[in-house]
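Me: I have a model open and would like to learn how to read it. Please take one feature at a time.

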Amino acid sequence: MKIQNSCLLTKFIHRLHTEPNSPWARWVLAAHFQDKDLGDRSAFQTRAWKQVSEFIDLYRSVTCVQLGDGVTTSLWKDKWTSNGPFCTQFAALFSHTNRPNISVAESWENGEWSLHLKHITSDQAELERITLISFLNECTLDPLTQDKRGWRFNPSVNFSVKNLYLICNWGFIWNSAAPKKGKIFAWLMIKGRIKVRAVLLKQNIVNSDLCPFGCQDKETVQHFVFHCRHSKLILDKLGIQMNGYVEPEDIYIEANKRLP
Ligand SMILES: [Zn+2]
């Protein structure tokens with residue numbers, strides 16, 4: 001339920017980024033970010049807004065941007081080049097900026113790139129500054145086109161709360177207290193990479209997809225993990241228990257519907 005609420009709040013963040021000229025977005029930006037950047041601590045912090053703003057970083061981490069006018073793209077925190085966001089790619093330099101949430105459009109000032117830096121104290125940061133500026137000098141903004149935001153994990157797919165919800169649920173696997181091999185197994189299962197006979201038959205590697213333990217059932221991942229009492233014995237021996245910390249069957253079914 002908590003994840004679901006978080007994902008719904010992220011929908012508001014999405015609207016701020018994709019409909020920046022709507023009356024609603026204009027009001028939010030004027031009320032909360034006068035003389036500030038989206039993502040900064042707001043001067044006028046209502047309880048509702050405080051909740052919404054917590055999800056800006058989450059939103060940026062699951063989306064990527066095809067640059068247009070640069071208005072809704074965070075220079076440092078959005079992924080808008082083929083490499084990672086600049087805040088991680090140029091971490092030493094990032095620690096020197098006074099405006100960590102500045103947009104790409106705002107960084108382009110009077111015909112040059114402005115990073116709003118404090119006095120640089122390290123060679124590494126200076127090296128990063130030179131690299132970043134020379135990279136930025138190759139970039140041009142298109143004032144007539146709005147930035148286009150896609151799903152980080154597949155840029156041709158639009159951001160959706162439904163996808164975010166799924167990813168958050170899978171994050172639950174990695175954050176769980178299960179042993180590492182259990183988490184890896186669960187992840188492989190979600191990705192459909194467990195080589196059960198139903199998969200091998202499709203690849204023409206075996207002639208039958210029946211469970212080799214004589215269950216008279218097709219050996220699908222679902223059968224292998226949840227229903228076959230023979231493989232359960234093997235999984236138990238390996239210390240992999242699929243039940244108890246997550247609802248794997250639901251995730252598996254959802255994952256199957258979603259993943260290519
Ligand atoms: Zn079986």
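Me: Is Ser-103 buried or exposed, and why?

Reply: Burial is judged by counting: a residue is buried if 20 or more other C-beta atoms lie within 10 Å of its own, exposed if 12 or fewer, and partly exposed in between, with C-beta atoms placed from the backbone. Ser-103 has 22 C-beta neighbours inside 10 Å, so Ser-103 counts as buried. Two points on reading what follows: residues are numbered from 1 along each chain as its sequence is written. This is a predicted model, in which local features need pLDDT of at least 70, side-chain atom pairs count only at pLDDT 80 or more, and totals for chains, interfaces and linings use all residues.

Me: Where is Ser-103, and which residues does Ser-103 touch beyond four places in sequence?

Reply: Helices (H or I, at least four residues) and strands (E, at least two) are DSSP runs, numbered from the N terminus. Ser-103 sits in the loop between H6 and H7. Two residues are in contact if their C-beta atoms, placed from the backbone, lie within 7 Å. By that rule, and leaving out residues up to four places away, Ser-103 touches Asp-37, Gly-70, Val-71, Thr-72, Thr-73, Ser-74 and Leu-75. Ser-103 and Lys-77 are 26 residues apart along the chain, with 9.3 Å between their C-alpha atoms.

Me: What surrounds Leu-75?

Reply: Leu-75 belongs to the loop between S1 and helix H5 (86-89). Leu-75 is buried because 29 other C-beta atoms lie within 10 Å. Beyond four places in sequence, its contacts are Phe-86, Ile-102, Ser-103, Val-104 and Ser-107.

Me: Which residues form the largest nonpolar core?

Reply: In soluble globular proteins, nonpolar side chains tend to be buried together. A nonpolar core here is a set of buried Ala, Val, Leu, Ile, Met, Phe, Trp, Tyr and Cys residues joined through C-beta atoms within 7 Å. The largest one has eleven residues: Cys-64, Val-65, Leu-75, Trp-76, Trp-80, Phe-86, Phe-90, Leu-93, Phe-94, Ile-102 and Val-104. Strand S1 (63-66) and H6 are the elements that give two or more residues to this core. Another core, of nine residues, lies apart from it and includes Ala-186, Met-189, Cys-211 and Val-225.

Me: What pLDDT does the chain average, and where is the pLDDT below 50?

Reply: pLDDT is the predictor's confidence in each residue, from 0 to 100. The chain averages 80, and 77% of the residues score at least 70. Over residues 243-251 the pLDDT is below 50, and this stretch has 16 contacts in the model beyond near neighbours in sequence. Where pLDDT is low, the predicted coordinates should not be read in detail.
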